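Reader: I would like a close look at one part of this protein. Please take the salt bridges and walk me through what surrounds them.

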Amino acid sequence: MPVPKDDFETFHPCDFYTPAELLDEDKMYTVYEIARLLQDLEPDAELDPNTENVLLDWAIPWIMNHSDDLVVAEPREEEEPGYYGIDTQ
């Protein structure tokens, strides 16, 4: 249910990284790694499943929003996720 703005002391801009600010142009990342990076965590940070699911809720729209700046690679093995990286071409 919505709450009044008066319930909050401060507000912050809703700023998100661009792919160039977040990703190394020479590397490919899984959606899970991108989710961590968007929260200023290390790509291999250990997270409980509930936290990881919340972070994925942020990462998936971010990837879709920046799809023009990204490339996608198929998983190397069947049980791996796909990989995303900066489109440098």
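**Salt bridges and their setting**

Author: The structure holds 2 salt bridges. The model is a predicted one.

Take the pair E52 and R36. Their side chains meet in a salt bridge, at 2.7 Å from N to O. E52 belongs to helix 3 and R36 to helix 2, so this pair ties together parts that are 16 residues apart in sequence. Buried or exposed? Both E52 and R36 are buried. Buried here means under 20% relative accessible area.

Helix 2 covers residues 31-38, and helix 3 covers residues 49-65. Their axes come within 8 Å and cross at roughly 95°. Angles of 65 to 115 degrees count as roughly perpendicular, so helix 2 is roughly perpendicular to helix 3. Which residues make the contact? Helix 2 supplies V31, Y32, I34, A35, R36 and L38. Helix 3 supplies E52, L55, L56, W58, A59, I60, W62 and I63.

R76 has 65% relative accessibility, so R76 counts as exposed. The cut-off for exposed is over 50%.

The general idea is simple. Side chains of opposite charge can pair when their charged atoms come close.

Note on methods. Residues numbered from 1 in each chain as written. Predicted model: local features only at pLDDT ≥ 70, side-chain atom pairs only at ≥ 80, totals over all residues. Heavy atoms only, no water. Axes fitted to C-alpha atoms, helices over the stretch in contact; angles between N-to-C directions. Helix = DSSP H or I, 4+ residues; strand = E, 2+ residues; numbered from the N terminus. Parallel < 35°, antiparallel > 145°, perpendicular 65-115°, else oblique. Contact = heavy atoms within 4.5 Å. Salt bridge = Lys/Arg side-chain N within 4 Å of Asp/Glu carboxyl O. Buried < 20%, exposed > 50% of the residue type's maximum accessible area, 1.4 Å probe, protein only.
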